[in-house]
Amino acid sequence: MRFSIWFAFHLFKGFFNSIPLKKYGCRATTVAGMVISSLGWFLCAYSTSFWHFILSYSITTGLGSAMVFGTQPVAISMYFTQNRGKAMGISMTITSLCIMAAPPLTILLMDLFGVYGTGIIQAGFALNGLVAAVLLQPVRWHMRRVRVQVDEVEGEGHALSEV
C-alpha cells in the first residue's frame, strides 16, 4: 500500500512540476526535490505509527522524488541537441537500474542497521543527489559566443560570422 501511495503522488506531481521548472529552472527544482525527499526519508526513520509512515514516506518522499524525476528529461533535452536519444536512453537505464537495486539494498540495510539506521542512511543517499543537482548548470553558461563582423560589399552590409 505504501508503494502505491508513493507512486500515485510521484505521478500526480508531474502535473504541477512544470510551474517550478519554468519559474526556477532545473537546478533549483532538483535541489528542492532532493531536500524534500531526504526529509521524507529522515521522518520515516522516526515514524511511530503506520499513518506517520504513510505521511513521511509515501507523500513527502513521493513528492520530492517526483520533482527530481520530472526535471531529468527536461535537463537532458536542454543539454543535448545531438545524440539526445542516446543521452536519454543512458539516463533512463541508470535510473531503472537504481530503482531495481533499491529494494535489495534496503533489505540489506534493514538487516544491518534496523529501521532507524536505514531511514537515516536513505536520507543520506538522497542528499547525495544534491551534488548532481548543483551540476545542472544553465545551458547559456556553456554556449559559444559568436562574433559578428559587418563588411561593406558593393554598398550593402551583410554579416559574416566568426567562431
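Me: Where does Leu39 lie?

Reply: Helices are DSSP runs of H or I with at least four residues, strands are runs of E with at least two, and both are numbered from the N terminus. Leu39 lies in helix 2. This is a predicted model: local features need pLDDT of at least 70, side-chain atom pairs count only at pLDDT 80 or more, and totals for chains, interfaces and linings use all residues. Residues are numbered from 1 along each chain as its sequence is written, and side-chain values use heavy atoms, with hydrogens and water left out.

Me: Is Leu39 buried or partly exposed?

Reply: Buried means under 20% relative accessible area, exposed means over 50%, and partly exposed is in between (1.4 Å probe, protein chains only). Leu39 has a relative accessible area of 44%, so it is partly exposed.

Me: Which residues form the nonpolar patch?

Reply: Like charges are joined within 9 Å, and nonpolar side chains (Val, Leu, Ile, Met, Phe, Trp, Tyr) within 5 Å. Here the nonpolar patch on the surface is formed by Leu39, Phe42, Leu43, Tyr46, Tyr116 and Ile120. Together they have about 570 Å² of accessible area, a value from the Shrake-Rupley method with a 1.4 Å probe, where for residues only the protein chains shown count as cover.

Me: Which helix gives the most to the nonpolar patch?

Reply: Helix 2 does, with 3 residues. Helix 2 (18–45) and helix 4 each supply at least two.

Me: What is Gln122 in contact with?

Reply: Contact means heavy atoms within 4.5 Å. Gln122 lies in helix 4. Leave aside its neighbours within four places in sequence, and Gln122 is in contact with Trp41, Thr106 and Leu109. With a relative accessible area of 10%, Gln122 is buried.

Me: What about phi at Asn83?

Reply: Most residues other than glycine have a negative phi. Asn83 is not a glycine, yet its phi is positive, about 60°. Asn83 sits in the loop between helix 3 (50–79) and helix 4 (84–134). Its relative accessibility is 51%, so Asn83 counts as exposed.

Me: How many helices and strands are in the protein?

Reply: There are 4 helices and 2 strands. Along the sequence the pattern reads α-α-α-α-β-β. Of the 163 residues, 29% are buried.

Key: Patches are made of residues with over 30% relative accessible area and no salt bridge: like charges are joined within 9 Å, nonpolar side chains (Val, Leu, Ile, Met, Phe, Trp, Tyr) within 5 Å. A salt bridge is a side-chain nitrogen of Lys or Arg within 4 Å of a carboxyl oxygen of Asp or Glu.
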